[in-house]
Amino acid sequence: MIEIKDLHKSYKMGSNSLHVLKGINFTAEAGELVAIMGSSGSGKSTLLNILGMLDEADSGDYTLDGVPIKNLNETKAAKYRNKFLGFIFQSFNLINYKSAMENVALPLYYQKIPRKERQERAMKYLEQVGLKEWAHHLPSELSGGQKQRVAIARAMAAEPKVLLADEPTGALDSTTSYEVMDLIQKINDQGNTILVVTHEDDIAHMCKRIIHLKDGVIEKDEKVTQVRASQYV
Amino acid sequence: MFDIERWQEIFDTIRKNKLRTFLTGLSVASGIFILVILLGFGQGMQNGISEEFKGDAVTSIWVWPGRTTIEYKGLNPGRRVQLRNENYQTVQAMFDGDYEKASILYFPSNVKVVYNNDLLVYDVVGTNGDLQRIENEFLSAGRYINEIDVQENAKVAVISNKIKREVFGHLDTPIGEYISISGAGFKIVGVFGEYGEEEGEEERIFIPISTAQLAFSGSDKISNLNFMLPEMESFEATVQKNNDFTARLLTYLKQAHVVAPEDDRAIYIWNPIQDAERFYQLMGGIKLFFWVIGFFTIVAGVVSVSNIMLIVVKERTREIGIRKALGAKPWSIIGMIMHEAIFVTAISGFAGLIFSMGLLEIVGPYVEVDYILNPSVNFNVAVSTVLLLMVAGSLAGFFPAWKAVKVQVIEALRDE
C-alpha cells in the first residue's frame, strides 16, 4: 500500500540547512495499523506531512497504492489527498461554523457528490462513530472525544486508502484516548490501512507495528502484539 | 456555470457569519448610497440651473439702440441711434440661415389703452410671430400674432394671462373682445403666458409690428431686434456660433449707423448664453467636485471591502488549511472566497443603489430650492459604479485568498 525508498528532507533555516529525514525506507501493506513513534524533532511529523502530500520530499520515492507520488502540482495533490487519504489531527480541525454532519460531509463536497447523498453518507459515518444524535451540533457543543470522533468520521467519509492520524489522542484524557483508539482499531479491523503518529507508548502498543524514528532515521521497526483498547473502555 | 453546490456552500457560510457579511455589505451599500445621492444633487443643480434659464430661449440675442459716446467720422457723441426696417431686411439677407427665428419689436410711446371705459396701464408692443419662440411663451388660448397679421396690418392683439385675470376676469374668455388703443379698436385673438415668475413680462399687449409702426407714428422705426440661433450639437459650439453671430451683427449695425467700432453704448446686446455659459462652467466645476468626492467615497468603500476581505481570509486561514487537507483544489478555494465577495458586494451594492435611487425618486420631486430641481441620477452611471465596486471587491478578495491557498496546510492548521 505504502512504499517509501530512501526519503530525504531538509529545511532551510536562514543560512543553515536542517536535515530532518535522512533516508527513510519502509513499506506498509494494506490493512496494517502502524504507529510511528519518536521524540520531538525525530522527524515523525515531517514524515507524516510527506506521506500526507502536504509537503514534498527532497529526494526518494513514495508510492501510494501503486501510484508514484512525485512532482505534484497543487491541484493534483488536492485530488490525491481527497481520493487516497483521510486526516485525523491532534487539534481535531473541525470547521467551527459547520455542524458535525456538515463537517463529515465536506470531503464529499470536494468529490462533487450531490448534497443529499453527502448528507446520507455523513450520517452513516456519524452513526459508525456513535454520534448520530449529535449530527446537528456545532463542534463547540461537543466534548473533545466527540470532536475527535467527528474528525475520524470525516476522515472515513471519503473512503480513503490510508488514514493518517497525527497524535489523535494528544489532546484527550486517557479514558477518551482509549475510546478513540478503540474506534481506530475497529476501523482497522474492517481492513483500512492506518498510520498513527504518537509519542505515547500505550497508544503505540494498541497498533500492530511500531516504527521508532530517531534523528531522521528508522531506529527500530517491530511487529507488536496488539493491545485491544476495548478492555480499558 | 451555475454550480448549485457552490451556492449552497456560500449561503451556508453567509448564514453562519452574519455579522461579518453585514459589515461588508454595509460599507459597500453606504458607499454606493453616498455616491448616488451626490450625483443626484449634481444633476439636481443642473436641472435647477436649466430651469432658471427657461424664461427665454438660451440661444437668443437681443439688440437695442442707445446713444453714441465716441466721436466718429465727424459725428458728435451723444447721437441717438435708431434701428429701422431696412436694417432688419439687410440682416435677413446677410444672415439668412444663421438664425432660426427673428423678431422685431416696436414700442409705441404715448398710447392709451382703454377697455370698458377703464384705462389700462400695460405696455403695447408691436411684434411678429417669432417672438413667441424667442421669449419662450406659451399660448393659453387662441393664437399668437402671425405673418398674415403683419402683412395685412391687422388690428389684432394678444394679451397675457395676467391681463386676462386682471381685466377680463368676469368673462369666460377675453377672445373676441375689443380694446381701444389710442382710439383704434383691436380684437383680442389670443392669450399668452410666460414660464417662471416673470410677471413683469406679462404686462404686455402684443400687436402686429406693421400695425404698430403705421398706427402709432412709428414709420419704419424698430425698438428692439431679437434673434434665436439654432442649438449646435455641443454647448461649446453653440456658444461659439452665438459669439460669431453677435460679432458680425454688431459690425454690420455699427457700420450702418456710423458708430465707432469700440463704442459699446451705441448699440446694446444682451446675450443670455454668455450668462448661461458662466453658470454651466460653475456647474461643471461643482459636478466635477461631486464626482471627485463620490470617487473617493467609492475608494473608501473599496478599501474597507478589501480590509474586511483581508480579515476574513486571515480568519479563515485555518479553515482553508482544513479544506485543503480534505482535498480542496486551490482554485476551488479562491473561487469560493471570491464568489462570496462578489455575491455580498453585488447584493449590498444594489441594495444601496435601490435605496438611494428610491430616495431620490420619492424626495427628489419635492426639492425646490433655487438652483436645485428634481435631483436624479443616471441609471447607467449608478449601475456602473456598483459593477466597479464589485470588481474592486472581488480583486480585494482575490489577493488575500491567493496568498492563503499558497500557505502550507501544516502552517495553516497551526494558525490559532
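Student: Two strands pair if DSSP finds at least two bridges between them. Which residue stands opposite B:N226 in strand 13 of chain B?

Tutor: This is a predicted model, and in it the residue standing opposite B:N226 of strand 13 of chain B is B:S103. Strand 3 of chain B, residues 101-105, is joined to strand 13 of chain B by five bridges, and the two strands run antiparallel.

Student: And which strand pairs with strand 13 of chain B over four bridges?

Tutor: That is strand 1 of chain B, which covers residues 60-65 and pairs with strand 13 of chain B in the antiparallel sense. In strand 13 of chain B, B:L225 is the bridge partner of B:V63.

Student: How many residues of strand 13 of chain B are buried?

Tutor: Strand 13 of chain B spans residues 224-228, and four of its five residues are buried, which leaves the strand mostly covered. For chain B as a whole, buried residues make up 39% of the 416 residues.

Student: New topic: how many helices and strands does chain B have?

Tutor: Chain B has 13 helices along with 16 strands. If you take the contacts in chain B with a separation of 6 or more, 82% of them are between residues 24 or more positions apart.

Student: What about helix 3 and helix 8 of chain B, at what angle do their axes cross?

Tutor: The axes of helix 3 (residues 85-94) and helix 8 (residues 235-256) of chain B cross at roughly 140° and come within 11 Å. Angles over 145 degrees would count as roughly antiparallel, and helix 3 and helix 8 of chain B are therefore oblique to each other. Helix 3 of chain B passes helix 8 of chain B in a crossing that is right-handed.

Student: Which residues meet there?

Tutor: From helix 3 of chain B come B:N87, B:V91 and B:M94, and these meet B:L249, B:Y252, B:L253 and B:A256 in helix 8 of chain B. Sorted by class, this contact of the two helices has six nonpolar residues, one polar residue and no charged ones.

Student: Last one: how many residues does the contact take from chain B and from chain A?

Tutor: It takes 18 residues from chain B and 19 residues from chain A. On the side of chain B that touches chain A, the elements giving two or more residues are helix 1 (4-16), helix 10 (317-325) and helix 13 (409-414) of chain B.

Student: How many residues on that side of chain B are nonpolar, polar or charged?

Tutor: The side of chain B that touches chain A has eight nonpolar residues, together with six charged and four polar ones.

How values were computed:
Residues are numbered from 1 along each chain as its sequence is written. Chains are lettered from A and ligands numbered from 1 in the order in which they are written. This is a predicted model: local features need pLDDT of at least 70, side-chain atom pairs count only at pLDDT 80 or more; totals for chains, interfaces and linings use all residues. Two residues are in contact if their C-beta atoms, placed from the backbone, lie within 7 Å. Ala, Val, Leu, Ile, Met, Phe, Trp, Tyr, Cys and Pro count as nonpolar, Asp, Glu, Lys and Arg as charged, and the others, Gly among them, as polar. A residue is buried if 20 or more other C-beta atoms lie within 10 Å of its own, exposed if 12 or fewer, and partly exposed in between; C-beta atoms are placed from the backbone. Axes are lines fitted to C-alpha atoms, for helices over the stretch in contact, and angles run from 0 to 180 degrees between N-to-C directions. Angles under 35 degrees count as roughly parallel, over 145 as roughly antiparallel, 65 to 115 as roughly perpendicular and the rest as oblique. A crossing is left-handed if the near helix is turned anticlockwise from the far one by less than a right angle, and right-handed if clockwise.
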